[in-house]
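Please look over the model below with attention to its pockets and to the packing of one of its helices. The report that follows takes these topics in turn.

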Amino acid sequence: MAAPGAFPPPKLGEPYLLTPGPLTTDYGVKQAMLRDWGSWDGDFRAMTAELRQRLVAMLGAGGEDYTCVPMQGSGSYLVEAMLGSFVPRNGKVLVLANGAYGLRAAKTCQTIGRAHVLLDKGDYMPPRGDEVARILADDPAITHVLAIHCETSSGILNPVAEIAAAVQAAGRKLLIDSMSAFGAVPLEPGVIPYDAMVSSSNKCIEGVPGFGFVMARKAEVIASAGQSHSLALDVHAQWDYMEKTGQWRFTPPTHVVAAFIEALKMHEAEGGVAARGARYAANRDAVVAGMRRLGFETLLDDSWLSPIIVTFFSPADPAFDFGRFYDGMKARGFIIYPGKLTVAESFRLGCIGRMDTGVMDRVVAAVGEALTELGVASAAPPASALQERAKLQSAGQEEIA
Ligand SMILES: *Cc1c(COP(=O)(O)O)cnc(C)c1O
């Protein structure tokens, strides 16, 4: 793992992005984009093949039966491609939601004409294995379950292992949105059984935005021929064409692919998924400890905090104003992220990207300065936010028991 301060700061006076993608990339990743490639040319076809091989290798145990299908677009395009391609038109999806991305997946099912039922746990309570088992037992029409690995809207790391066990025991299929976790949190099919997952170029692999990828059982891809609702988002068609020609069906994001291959090499050099996850966890621990020293509270208990992004309650102090706080952080070289909760005012700090604990310590120092500039005396959240958190957490515990 790189020592604190080992990463050079972004060049050209760029701020660090404390956001869950686009995020701060290495200068070498940006540099890889400084030439043009012909999409038909053998050089680029070799790049596509390398990208697919490297991603499948990252799956680890059980990955031999899987194939990688890269596809143009942002992460949501890939979620839509996965749902439309693998869920047959007469299938039915159980969508597990505890935040914005789960709700978006449900809306996607609705838009593309796939029947679905929604388990909505609110802002951040995790969907648990036993409730998934209950719903599947009660509704034999459900063919697929869609789970969010890290729900980026709160930062919760959902318990995908127990969800996968429940889905497997019920003989249904599991689709995982691992957009913001893949590459930093292990998702080995030999350990956590699933049929397909999606992620994108601009999250934990630390590439730039422009495409995503499906990793699915080969048998599942082959069986999905003709099922998609869409021409452009058809996973089977993209896979079939790529297998036959080595090319993407439509114009590929050539520069983004070049940057991504550089990012994949850096991922490997750092030590793979375990080392990437360890660096992000160290980032999280540094920022959470520092923010707590300043008086902030996290939305989640430590046991649910992901190494991806952390939600903090906004201070109750009337001098606190998110817009001015944002500007104060930007002036100090850090782009922060607004919160996405319905219960309380909050903001988020990402732990992913080309950053280490040395950077996170500077983030905490900048937060302290920005609060002083605003005249905020205490970073403590309103009592109502903490009461709401305690209420929801005890309700969640009862439900699990
Ligand atoms: C980033 C992300 C997505 C995709 O969002 P886009 O804006 O379309 O890239 C989907 N799910 C999760 C959990 C994410 O973090």
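## Lining of the largest pocket

The residues that line the largest pocket divide into nine nonpolar, ten polar and three charged, where Ala, Val, Leu, Ile, Met, Phe, Trp, Tyr, Cys and Pro count as nonpolar, Asp, Glu, Lys and Arg as charged, and the others, Gly among them, as polar. The model is a predicted one, in which local features need pLDDT of at least 70 and side-chain atom pairs count only at pLDDT 80 or more, while totals for chains, interfaces and linings use all residues. Residues are numbered from 1 along each chain as its sequence is written, and side-chain values use heavy atoms, with hydrogens and water left out.

This lining comprises 22 residues, of which Gly75, Ser76, Tyr101, Met179 and Lys203 lie nearest the centre of the pocket. The elements that give two or more residues to it are α3 (75–86) and α4 (100–112), and the largest share, four residues, comes from α4; helices (H or I, at least four residues) and strands (E, at least two) are DSSP runs, numbered from the N terminus. At least three lining residues are drawn from each of domain 1 (16–22 + 272–400) and domain 2 (34–268), with bounds that come from an automatic or database domain assignment.

## Pocket volumes and the second pocket

A pocket is here an open set of points on a 1 Å grid over the protein atoms alone, where a 1.4 Å probe fits, with protein on both sides within 12 Å along at least five of seven lines, and lining residues have an atom within 4 Å of a point.

Two or more of its lining residues come from each of α2 (42–58), α9 (254–270) and α10 (272–293).

In helix α8 (residues 235–245), Val235, His236, Gln238, Trp239 and Met242 are buried, that is, under 20% relative accessible area (1.4 Å probe, protein chains only). They cover an arc of only 165° around the axis, which puts them on the same side of α8; the arc is that of the directions from the helix axis to the C-beta atoms. These buried residues pack against α2, β2 (66–72), α3, β10 (211–217) and α7 (218–223).

Gln247 lies in the loop between α8 and α9 and is buried, with a relative accessible area of 13%. Apart from neighbours within four places in sequence, Gln247 is in contact (heavy atoms within 4.5 Å) with Ser39, Trp40, Arg45, Tyr241 and Met242.

Conventions:
Buried means under 20% relative accessible area, exposed over 50%, partly exposed in between (1.4 Å probe, protein chains only).
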